[in-house]
Amino acid sequence: MHVLHVVGARPNLMKAAPVLRALKEHSKVKQTLVHTGQHYDANMSEVFFQQLGIPAPDVNLEVGSGSHSQQTADIMSRFEPVVNRSAPDLVLVYGDVNSTLAAALVCSKLLIRVGHVEAGLRSFDRTMPEEINRLLTDRIADLLFTPSEDADRNLGREGISRNKIHRVGNAMIDTLVRLLPKALQRKMGGLPDRYALVTLHRPSNVDDSRVLKSILESLLEVSLHLDVVFPVHPRTRARIEESGIHAANLHLLEAMPYVEFLGLQRRAAVVITDSGGVQEETTYLQVPCLTLRENTERPVTVTMGTNILVGQDRVKLHAELAKILEGKGKPGRIPPLWDGHASERIAEIIQKL
Ligand code: UD1
């Protein structure tokens, strides 16, 4: 059995690492790793390979940045010959980035089986590029590995056959569970003891300069009560520099490696984010999370976890923040199957194919 994994962007790496590791235990499985090159900065990609113990990719398609169509098309045209050459039995794709959809489409046309790790998530917001990637990838995948019950329900509603759906839990949490002890050992110097941790990179929040300015002003208000630590995604950095905003208690850092960022999340008084993965990680860590989005494809982080959607409502952000700082934040529980073993369940299913 030959399994080919496709990764491209930072959040794929935390999901693929434990699956690669779990499949290594099965001697009959041969594995190939393809990196599309969607993310290419060392601190968006290379350092994650090192920290997560992912082997060097067998192939790097080096597509780099571009418009959505250009990036997706480049991945497809460069990936097709790789699939033809290596003739895998199964291709595993992860999450909801452009690399995920591009690789799945190539395989579906070549009649190669596709497995989607983190299937079934829906924000029901088709203005999000990731929602289109999720819908289409799930439509053509043969094996759908879901993290939670809501995902199974979404797929059922879309008419996807039950026997393709495997609820395995959250593979990204496998990585968190494995590396949390290391994250707790490593404390970053030069940072305040109590802080709000911020991440921001969604096009809807950072690409429109008025929306970004309003969020930054809101963070400046937060920084009057609490230091704000903000590792900045390259997409966001370019926009912040244009805005000219700065403040003493607003600490803008480079995009951060996984282990250091996990330690920062664990120690944060509150996390303010628009990332999908961070909503899940804070739920697992039981750290309060305020999400600057109107919707989430990860509703279990709200119904069970510590996540609260505040959208672009500044009043709500500050009201929820005040409650958290008074110790009256919403408590949370860890969802079922977010136990560090999702990838082993995926590997069991794959080796029986
Ligand atoms: C992508 C994913 C998003 C995911 C995010 C995590 C899609 C549609 N979006 O968004 O779901 O949450 O990754 O980080 O796939 N850039 C660099 N260096 C890099 C990568 C990007 O400078 O290594 C800059 C480029 O200017 C690029 C911009 O960031 O144009 C956006 O990168 P892109 O890969 O298009 O999407 P992300 O915003 O990173």
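The largest pocket has a lining of 46 residues, and R10, H39, M44, H201 and H233 lie nearest its centre. A pocket here is an open set of points on a 1 Å grid over the protein atoms alone, where a 1.4 Å probe fits, with protein on both sides within 12 Å along at least five of seven lines; lining residues have an atom within 4 Å of a point. Please keep in mind that this is a predicted model, in which local features need pLDDT of at least 70, side-chain atom pairs count only at pLDDT 80 or more, and totals for chains, interfaces and linings use all residues. Residues are numbered from 1 along each chain as its sequence is written, and side-chain values use heavy atoms, with hydrogens and water left out.

The largest pocket holds about 1,100 Å³ of space, a volume being the space filled by probe spheres set on the grid points, which are joined across faces, edges and corners.

Now for the ligand: the space it takes is the largest pocket (more than half of its atoms lie within 2 Å of the grid points). Around the ligand are 20 residues, with Q38, H39, Y40, N98 and E130 the closest (a residue is near if one of its heavy atoms lies within 4 Å). Look next at the polar contacts, pairs of N or O atoms within 3.5 Å. A side-chain N or O atom of Q38 is 2.8 Å from a ligand oxygen, while a backbone N or O atom of N98 lies 2.8 Å from an oxygen atom of the ligand.

Conventions. A polar contact is a pair of N or O atoms within 3.5 Å; within protein, one must be able to donate a hydrogen and the other to accept it, and residues adjacent in sequence count only if both atoms are side-chain atoms.
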